[in-house]
Amino acid sequence: VRGAFEGRLQALATEVEGMQPDMRAGDKFAEVERRLRECSEELNAAKEEARSAAAAFDSVKARRRRLFMDCFTHVERALRTIYRDMTRSSKHKYGGKAFLNLDNQDEPYLGGIKYNAMPPMKRFRDMEQLSGGEKTVASLSLLFAIHSFRQAPFFVMDEVDAALDNINVKKVSNYIRQRSSEFQCIVISLKDIFYEHADSLVGIMRDAASDSSRTLTLDLSAYGAPAGAAAAAADATADAG
């Protein structure tokens with residue numbers, strides 16, 4: 001038994017002597033620990049940056065939605081009033097109705113906006129099913145509603161009355177005249193109903209002598225034109241010779 005034990009002991013001693021332990025293992029372990037601490041610090045810093053970025057993003061997202069909804073809410077309310085006023089008449093004193101609906105309630109700026117208008121005595125239908133004049137009145141109502149949010153100093157309208165009958169032309173011109181204290185409007189039109197409500201007229205004609213265009217102006221205020229009305233520009237053609 002003793003001989004077996006001594007033989008086993010000798011074998012183990014020989015095995016230990018044959019080993020080549022890494023004398024720098026301690027240093028390497030310390031280096032690994034240092035790198036672990038650095039990685040942990042970098043990870044914590046990255047997490048903090050991610051939290052800051054997420055908070056900034058949420059702040060911008062909330063501000064974006066707030067600004068969008070401020071504009072949308074204003075335009076929606078103004079549209080209802082403007083469209084009602086522009087479609088009101090002696091027969092239909094309450095006018096028509098207009099609606100704006102968001103496709104995406106959570107992030108409205110990522111979706112579309114559905115616009116529907118109901119002229120007086122008409123049932124609810126898609127905009128595509130309205131007549132040309134009804135579409136024009138609806139479009140102008142939306143334009144004026146958007147403009148009311150952040151008003152520009154003036155409008156330039158190019159034959160927006162082309163699809164309108166005389167009754168609707170008068171309604172549009174009356175509305176522009178009522179709002180003339182808020183903005184100046186230049187209307188290019190071929191209909192005299194607009195001329196009647198203008199402060200001044202500008203006519204464009206062909207000058208045969210110079211073979212070029214010529215302008216004619218007429219100040220209607222001297223003839224009792226409504227004060228503060230829209231300015232209308234009328235196209236006119238003169239025969240040469």
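Mentor: Before we start, a nonpolar core here is a set of buried Ala, Val, Leu, Ile, Met, Phe, Trp, Tyr and Cys residues joined through side-chain atoms within 4.5 Å, and please keep in mind that we are looking at a predicted model.

Trainee: What is methionine 86 in contact with, leaving aside its neighbours within four places in sequence?

Mentor: With those neighbours left aside, methionine 86 contacts Val137, Leu140, Ser141 and Phe144, and also Lys171, Val172 and Tyr175.

Trainee: Switching to rings, how many aromatic pairs does a search of the whole structure find?

Mentor: The search finds seven aromatic pairs. One of them joins phenylalanine 68 and tyrosine 109 in an edge-to-face arrangement, with 6.4 Å from centre to centre and 75 degrees between the planes. Phenylalanine 68 belongs to helix H2 (residues 25-87), while tyrosine 109 is in the loop between strand S1 (97-102) and strand S2 (113-118), so this pair ties together parts that are 41 residues apart in sequence.

Trainee: And is tyrosine 109 buried or exposed?

Mentor: Tyrosine 109 has a relative accessible area of 16% and is buried, because buried means under 20%. Phenylalanine 68, at 23%, is partly exposed.

Trainee: Which charged end sits over the ring of tyrosine 109?

Mentor: That is the charged end of arginine 64, which sits 3.8 Å from the centre of the tyrosine 109 ring.

Trainee: Why is the pair of phenylalanine 99 and phenylalanine 124 tilted?

Mentor: The planes of phenylalanine 99 and phenylalanine 124 are at 55 degrees, with the ring centres 6.5 Å apart, so the pair is tilted; planes over 60 degrees apart would count as edge-to-face, and those under 30 as stacked. Phenylalanine 99 is in strand S1 and phenylalanine 124 in the loop between S2 and helix H3 (132-149), so that the pair links distant parts of the chain, 25 residues apart. Phenylalanine 99 is partly exposed with a relative accessible area of 26%, and phenylalanine 124 also counts as partly exposed, at 46%.

Trainee: Which residues do ring pairs link into a cluster?

Mentor: Phe144, Phe155, Tyr175 and Phe183 are linked into a cluster by ring pairs.

Trainee: Last one: where is serine 212?

Mentor: Serine 212 is in strand S6 (residues 212-219) and is partly exposed, at a relative accessible area of 34%. The side chains of serine 212 and serine 210 are joined by a polar contact of 2.8 Å.

Methods:
Residues numbered from 1 in each chain as written. Predicted model: local features only at pLDDT ≥ 70, side-chain atom pairs only at ≥ 80, totals over all residues. Heavy atoms only, no water. Helix = DSSP H or I, 4+ residues; strand = E, 2+ residues; numbered from the N terminus. Buried < 20%, exposed > 50% of the residue type's maximum accessible area, 1.4 Å probe, protein only. Polar contact = N/O pair within 3.5 Å; in protein donor to acceptor, adjacent residues only side chain to side chain. Phe/Tyr/Trp six-rings, centres within 6.5 Å; stacked < 30°, edge-to-face > 60°. Lys NZ or Arg CZ within 6 Å of the ring centre and 35° of its normal. Contact = heavy atoms within 4.5 Å.
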